Amino acid sequence: MKISSYPYRVKFAEPFRTAKGEYRERAGYLISCEDNQGLCGWGEVAPFPGLSNESDAEVRAGLLVASALLMRFPAPTTPEQLSEVLFELDTTLETMPPSVRFGVELAILSYCEKGIGLPLPAMLGDEEGWRLVPVNGIVDPDSPLFEERIADLRSRGVSCFKVKLLPGSRAERTERLEKLRSQLSVHETYRIDCNQMLTAEDALELVYRLGTQNLEYLEDPLSPDRLKELEHLSEKLPVPVALDESLMLLDLGSFIPRRARKHVFVLKPTVLGGIRRTVRLGRSIIQNGGKVVVTSTLEWSHGLRGVYVVASSLAGHNLLPSGLLTNDLFVPEGARYSFEQGAIIGIEVGDGPPLEGKGVTRRGASAKEEAPREVMGKDGKVGEQSPGPGKKR
């Protein structure tokens, strides 16, 4: 098997604002896993700046090692051979960046989905196949398109909205959040991603000012140096504390059996280091009575499909609306999925890497090298694609 990578950049439709900065584009690599007959599976490696502690040099080095490893193996043609490859891959990639483990694993599984004929969910032990997953929508109350976005999300069945807490005074934060809450009906909810900005006192004050109406949870309120206060805060707050970046700093082996029922766990497969690893963690949390949210780190195309299969495998009562409705944050030419009634319906993304087009480029490539390909629109239909580098029609 041969691993190849195709760097890309895609622009956000509006600047994407978080507590850690403002982002205008997303960059990463699409990863192909190909045999000598031309059969190909796709993954994506795209660590998010400010969230993932991975340099581009570390990512490229990891891809080289993965490529050298997979060159030693013939393409799997049976589930048993796939297990052997994944075992070797797990051992070799254990010390590599999480996003590389995720992207290479997804490329191999996607290849085997075609070569072996097993759907991705079946390879994760879920014989029910692809399931519909409820989703939340990210909103920014300061955006000039705020009310328009709320209406658009609502028209697609979304009833749960996520907002990022931004730097500012307590009064400014409260005013911004109340602007969102004022738009919601009694049956709709919102969740606040605090990005580890608050003290325990700040978190209690924020909820006191807002009240609990429509508020589902606070995500990662405490800074890393204050995690010792987590259990005390979760007992004091009238809404749950959700854990995202904080998960990497906790001893989950002891924390989950003791505290799973007290928290919501936000699982990001690209940060946790793989599809199967995240599914195992999610199932452990659910078995211990916890609730989970599966979310992307704003992957662009194939990566989002890998995140979705994790959510599909964990779908059920304890899976809350998940962060999968992120592709529409990019310019329209970057939208590869179609969403309807709060669930993803377009999970086929084609076999080609992203090529030059309005708002989408391969990094370092000339816009005249290859013609742009059409992408999946809101009607769920895919137009003609140009071939990837080195491919023939």
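These legends walk through a few close-up views of the predicted model. In this predicted model, local features need pLDDT of at least 70 and side-chain atom pairs count only at pLDDT 80 or more, while totals for chains, interfaces and linings use all residues. Residues are numbered from 1 along each chain as its sequence is written, and side-chain values use heavy atoms, leaving out hydrogens and water.

**View 1. Cys33 and its closest cysteine sulfur, in Cys112.** The two sulfurs lie 7.1 Å apart, too far for a bond. With a disulfide taken as a pair of cysteine sulfur atoms within 2.5 Å, the count is zero. Cys33 has a relative accessible area of 0% and is buried (buried is under 20% relative accessible area, exposed over 50%, partly exposed in between, with a 1.4 Å probe and protein chains only). Cys160 is also buried, at 2% relative accessibility.

**View 2. Strand S6 beside strand S5.** S6 spans residues 189–193, and four of its five residues are buried (helices, H or I of at least four residues, and strands, E of at least two, are DSSP runs numbered from the N terminus). S5, residues 160–164, pairs with S6 in the parallel sense over five bridges; pairing requires at least two DSSP bridges between two strands. Phe161 has Tyr190 as its bridge partner in S6. From S5 the chain passes through helix H6 (residues 170–181) to S6 in a right-handed β-α-β crossover. Right-handed means that, with the strands pointing away from the viewer, the path from the first strand over the helix to the second runs clockwise.

**View 3. Strand S6 beside strand S7.** S7, residues 215–219, pairs with S6 in the parallel sense over three bridges. Here Tyr190 has Leu215 as its bridge partner. Together, S6, helix H7 (residues 200–210) and S7 form a right-handed β-α-β unit.
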